[in-house]
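Welcome to this short tour. Have a look at the sequence and the structure first, and then read on for a guided walk through some of the details.

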2 protein chains.
Amino acid sequence: MSLSVPPPGCLQKPLVVPHRHMFGPGPSNVPPRILEAGAKPVIGHMHPETFQIMSDIKSGIQYMFQTRNKVTFAVSGTGHTAMECAIFNAVEPGDCVLTAVNGIWGERATEIAERIGARVNTIVAPPGGYFTNEDIEKVLMISFQPHCYATTGVMARCLLIYACRYNSLFLVDAVASIGGAPLYMDQQEIDILYTGSQKVLNAPPGTAPISFSERACQKVFNRKTKPLSFFLDLSWLANYWGCDDKPSRIYHHTGPVTAYYSLRESLTVLSEEGLENSWKRHQDVAEYFHQGLESMGLKLFVKEKSTRLPTVTTIVAPHGYDWKEITAYIMKTHNLEISGGLGPSVGLVLRVGLMGGNSSKANVDMVLAAMRDALKHCHKSKV
Amino acid sequence: MSLSVPPPGCLQKPLVVPHRHMFGPGPSNVPPRILEAGAKPVIGHMHPETFQIMSDIKSGIQYMFQTRNKVTFAVSGTGHTAMECAIFNAVEPGDCVLTAVNGIWGERATEIAERIGARVNTIVAPPGGYFTNEDIEKVLMISFQPHCYATTGVMARCLLIYACRYNSLFLVDAVASIGGAPLYMDQQEIDILYTGSQKVLNAPPGTAPISFSERACQKVFNRKTKPLSFFLDLSWLANYWGCDDKPSRIYHHTGPVTAYYSLRESLTVLSEEGLENSWKRHQDVAEYFHQGLESMGLKLFVKEKSTRLPTVTTIVAPHGYDWKEITAYIMKTHNLEISGGLGPSVGLVLRVGLMGGNSSKANVDMVLAAMRDALKHCHKSKV
């Protein structure tokens, strides 16, 4: 046999990556200290130094999530993988699941649970809507209630479900909010909570912090069937992360060690600032931004102030404009990413994320200037 | 509510990562140019520059795998995730699967297929053993035949299965060998092939090249049931990677963009050297290493020369010694990782990986000196 596919010419060009203002719903900009951490040399996934880094990450996530859960770690994947990890472990075929859907992530959670054979009920709110405790307090085995939807920018209200009362587990998707908005996993009796590295944490995408309460572990570790994914099997993952009481760790998969470095650094940045300071900064900056938008004559998609996310702002797509032209113009002219809607909110909104280090009044001014410029130069129909 | 978990003290210490010779079965050392590529700024997972980088990666993998398969891309995860991606997509509940097991990866493939409800038959060879075409050519729907087992260091012989004859798909796990040993996906009629970024490619762990033949796609895209994992669903992944004929790409998950940068760079390094040069270098270095080991009185675990892997060498655990003391001594004294066995080969072997840039005679000399030193200083029983 001989080679039939030659070396590709495209790889002869050097890798060039532009600097860009990442003000969409994620990934957000990664500060140099976090990028540099991720460029440190690779060591083994089972070396004691790596276990120490994983232990530091665990402590950092416990702080970020405000939890003392032993089973707290980072999934080797994105927020999406963490969602599958949560559902694959918590739900067995035939289990009842309630999903609260007000955007694409609720839809995906529904599909993930259906694929593994759960009996799924959904309650649906329109994009921009939310659910109250009363909406949720119905018969359920697992309630999947995202803390927030980046797709619509709504803070979930029902953060106190007393799921135990119904012998159900309470899952919260806090991918786009945690670290930038108050959330107390233990006090709010959340059973499974997860996020991604690339939002408020400002680390590259590729790791996803997750935590399981005692109650969640009770259910998961007493399943009748094995979780369908070996890769996401909590028994293995908990051991690999040193979260169980076993004397030694067994090889499960090769952890993305350099991604651990940058995740650890991002958690350090957050704990240096302090959670409450970070929450306040995001809130102040968001209010400043929202005022600026309204004074330009733009409308916020989420009417109730208290339900607006401080991390991702949804703006009603300006009347008479093609939203795609606006985002493209701003990217081209200002080297700045803002985005349209996702799933049910496509065409309805523009989304601007100012997360982690990106959340500053200077960045707000930059976005507002770019939007003013876009509204001046993009086509407006005469309707 | 108020904070109940304080910022962790451990994060106040700066991140320190040692430089280390990574001569175990992976991850291998990552050269500075690949680490630097991974530290470039984060841009969006749906930006045109990222799509171009993904397209370059696709071309690089097609070269590495020697395939023209359209559905060629990198899974956002480790080799293990790629294994699940292969099996989750190719196998439906009730399908017959034959796994050829001569080490931990065959065992895992068996378990993964069983978890999703396949009817699995296994043929088992002892660690260090292998299978012939005749062993395999039996009734089967899917044959899972790893190209190699890093756990035992054996090149699979049965690389020409004519799986089509049996209307079955031929899966090959080439995680620890491809790029360092000859493999021609198309000419060898392999239907699904995958590897990890952290072996011969010398990129950080976290991405896993994979390719599906036309026949495999026919099966996958005409399934009766949806794959159990949304995250690993080939229809979505193929679209996200621009491998289908759809006019636009739909958001699926947030790709680990910085890991794409380093993966692209690692594929560039391989195509600059050329596959055949890389294969020859690995073979020459392995033979030099094997001679050195034998001249020290050590025995190679795999008896037949032609079935030895040129990337990972398995050495019979030296008689009278505790293998753990040897690997620990070498780590402590020489800052160099070699490892013991895994799964069925634990206690039987030592494993030394010299992969990608690590495969050089200078590194062989370093390992041999370290082993000589260890055999002199570690405890030997008087048996």
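A:P27 sits in the loop that runs between β1 (21-22) and α1 (32-38) of chain A.

Another backbone detail is found at A:N335, which has a positive phi of about 55° although it is not a glycine. Look for A:N335 in the loop between α10 (323-334) and β12 (336-337) of chain A. Why do such spots deserve a mention? Most residues other than glycine have a negative phi, and most peptide bonds are trans.

**How confident is the model?**

The prediction comes with scores of ipTM 0.94 and pTM 0.95. For chain A, the average pLDDT is 91, and 92% of the residues score at least 70. Residues 157-162 of chain A have a pLDDT below 50, and beyond near neighbours in sequence this stretch has 23 contacts in the model.

**Two chains side by side**

How are chain A and chain B related? Chain A is superposed on chain B by a rotation of 180° with 0.0 Å of shift along its axis, and the RMSD is 0.0 Å. This is the relation of a two-fold axis. The same surface serves both copies, as 100% of the contact residues of chain A recur in chain B.

In this interface, 88 residues of chain A are in contact with 88 residues of chain B. Between them, chain A and chain B bury about 7,900 Å², with 64% of it on carbon and sulfur atoms. A:L11, A:L15 and A:R115 supply 11% of the area that chain A buries against chain B, more than any other three residues.

**Inside chain A: two domains**

The domain assignment divides chain A into domain 1 (21-26 + 274-377) and domain 2 (32-272). Taken over C-alpha atoms, the centres of domain 1 and domain 2 of chain A are separated by 26 Å. Their contact takes 28 residues from domain 1 of chain A and 33 residues from domain 2 of chain A.

Which residues of domain 1 of chain A lose the most area to domain 2 of chain A? They are A:L275, A:W279 and A:L309, together giving 27% of what that side buries.

| Parts | Buried area | Share on carbon and sulfur atoms |
|---|---|---|
| Chain A and chain B | about 7,900 Å² | 64% |
| Domain 1 and domain 2 of chain A | about 2,300 Å² | 62% |

**A sheet of three strands**

Now turn to a sheet in chain A. This open sheet has three strands in the order β11-β14-β13 (chain A), with antiparallel pairing. Its edge strands are β11 (312-316) and β13 (339-340) of chain A, and each pairs on one side only. Strands of a sheet pair through backbone hydrogen bonds, either parallel or antiparallel.

β11(A) pairs with strand β14 (residues 349-353) of chain A in the antiparallel sense, over five bridges. Within this pair, A:V316 stands opposite A:V349 in β14(A). Helix α9 (residues 275-295) of chain A packs on the sheet, where it touches β11 and β14 of chain A, and its direction makes about 15° with that of β11(A).

Chain B has an open sheet of three strands too, in the order β11-β14-β13 (chain B), and the pairing is antiparallel. Here β11 (312-316) and β13 (339-340) of chain B stand at the edges with a single partner strand each, so one side of each is left without a neighbour in the sheet. Five bridges join β11(B) to strand β14 (residues 349-353) of chain B in the antiparallel sense. B:V316 stands opposite B:V349 in β14(B).

Definitions and conventions:
Residues are numbered from 1 along each chain as its sequence is written. Chains are lettered from A and ligands numbered from 1 in the order in which they are written. This is a predicted model: local features need pLDDT of at least 70, side-chain atom pairs count only at pLDDT 80 or more; totals for chains, interfaces and linings use all residues. Side-chain values use heavy atoms; hydrogens and water are left out. pLDDT is the predictor's confidence in each residue, from 0 to 100. Contact means heavy atoms within 4.5 Å. Copies are superposed by least squares on the C-alpha atoms of residues with pLDDT of at least 70 in both. Two strands pair if DSSP finds at least two bridges between them. Helices (H or I, at least four residues) and strands (E, at least two) are DSSP runs, numbered from the N terminus. Axes are lines fitted to C-alpha atoms, for helices over the stretch in contact, and angles run from 0 to 180 degrees between N-to-C directions. Domain bounds come from an automatic or database domain assignment. Buried area is the accessible area (1.4 Å probe) that two parts lose on being put together, summed over both.
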